[in-house]
Amino acid sequence: TEATAIMPTPTVGVVGVLDDVTRHATMRWRDGDVVLLLGGQAPSLGGSEYVAVQHGLTIGSPPALDLDLEARVQRLARGLIEEGITQTAHDCGLGGLMVALSEMALLSDIGIVMDDETIRAEGDRRDRHWFGEAPSRIIVGVPSRRVEEVHRRAREAGVPSTLLGVARGEEIVAGAVRLTLEEARAAWESALIG
C-alpha cells in the first residue's frame, strides 16, 4: 500500500446447520417474483461506499444499529425461508438498495421494474434513497400469491415491509432510468479494471 493506510475490513465467518437443505435462499429471484424490502431504517450516506467512490471521501457516521429490530428482521427472513415462502434473500448493506438489487438482477439474469411508489419515496435525495446504507434491511423475492402473507407476517413481527418492484425483463427500470442487464454487467465486471 506504499505506506498508505487501508480501510479496516472486519470479517465475520458463520457456520450453521440446515435441518432441511431444500429450504435455503440464494440471491437469485425468479421471473415474476415480487421484490420486497424487509426492515427499513432510514439509509444514510455517512460512511457509505457511495460517498467514498463518488466523492473520494471517508466521512460521516453510519446509522446506529437497533439490535431489537435487527433480531426481528432476521427472525422474519429466516422463518420465510424455512417455510419455503421465499427462496430469495439478500442483505441490503454495502452500496445500498440499488447495488443490492443490481447484484440480484445480474445473478438471476432477470431485470426488475421498480414500483412507482418506491420511486416517489426517494424524495429530494435520490443518492441517499438508492445508495445510502443502513442495517436491518433484507430484500426478498416472493411469488405474487404470497405477498399479502409476507406483509401480514411482517406487521405481526413489528418489521416494516415495502414493495420494491417485480422481477422481469432484461432491464433494471426505476422510472425514467433504464439500464440493460448487459450494460450493468459490463460496468460490474470492469469496476476494478479502471
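Reply: Let us begin with confidence: pLDDT is the predictor's confidence in each residue, from 0 to 100. The model shown here is predicted.

Me: Which helix has the lowest mean pLDDT, and which the highest?

Reply: Among the elements of the chain, the lowest mean pLDDT, 76, belongs to helix α4 (residues 116-120). The highest, 98, belongs to helix α6 (residues 147-157). For the chain, the average is 89, and 94% of the residues score at least 70.

Me: How should I read the contacts and the surface of the chain?

Reply: For contacts, one looks at separation in sequence. Of the contacts in the chain with a separation of 6 or more, 84% are between residues 24 or more positions apart. As for the surface, the chain exposes about 11600 Å², and carbon and sulfur atoms supply 54% of that area. Of the 194 residues, 39% count as buried.

Me: How many positive and negative side chains are there?

Reply: The chain has 19 positive and 29 negative side chains. The centres of these two sets lie 6 Å apart.

Me: What should I look for in backbone angles?

Reply: Most residues other than glycine have a negative phi. Here Asp109, although not a glycine, has a positive phi of about 60 degrees. Asp109 is placed in the loop between α3 (96-108) and β3 (112-114). Ser136 is not a glycine either, and has a positive phi of about 60 degrees. Ser136 is found in the loop between α5 (126-131) and β4 (137-142).

Me: Is Ser136 buried or exposed?

Reply: A residue counts as buried when its relative accessible area is under 20%. Ser136 has 5% relative accessibility and therefore counts as buried.

Me: Which residues does Gly39 touch beyond four places in sequence?

Reply: Gly39 touches Val73, Ser136, Arg137, Val159 and Pro160, when residues up to four places away are not counted. Gly39 is found in strand β1 (residues 34-39) and is buried, with a relative accessible area of 0%.

Me: Where does Leu65 lie, and with which residues is Leu65 in contact?

Reply: Leu65 lies in the loop between α1 (49-55) and α2 (67-82). With a relative accessible area of 48%, Leu65 is partly exposed. Its contacts, leaving aside neighbours within four places in sequence, are Glu70, Pro135 and Ser136. Leu65 and Ala134 are 69 residues apart along the chain, and their C-alpha atoms are separated by 8.2 Å.

Me: Is Asp127 buried or exposed?

Reply: Asp127, found in helix α5, has a relative accessible area of 18% and is buried. Beyond its neighbours within four places in sequence, Asp127 is in contact with Leu45, Tyr50 and Gly132.

Conventions:
Residues numbered from 1 in each chain as written. Predicted model: local features only at pLDDT ≥ 70, side-chain atom pairs only at ≥ 80, totals over all residues. Heavy atoms only, no water. Helix = DSSP H or I, 4+ residues; strand = E, 2+ residues; numbered from the N terminus. Buried < 20%, exposed > 50% of the residue type's maximum accessible area, 1.4 Å probe, protein only. Contact = heavy atoms within 4.5 Å. Areas by Shrake-Rupley, 256 points an atom, 1.4 Å probe, with all protein chains shown as cover. Lys, Arg positive; Asp, Glu negative; His and termini not counted. Charge placed at Lys NZ, Arg CZ, Asp CG, Glu CD.
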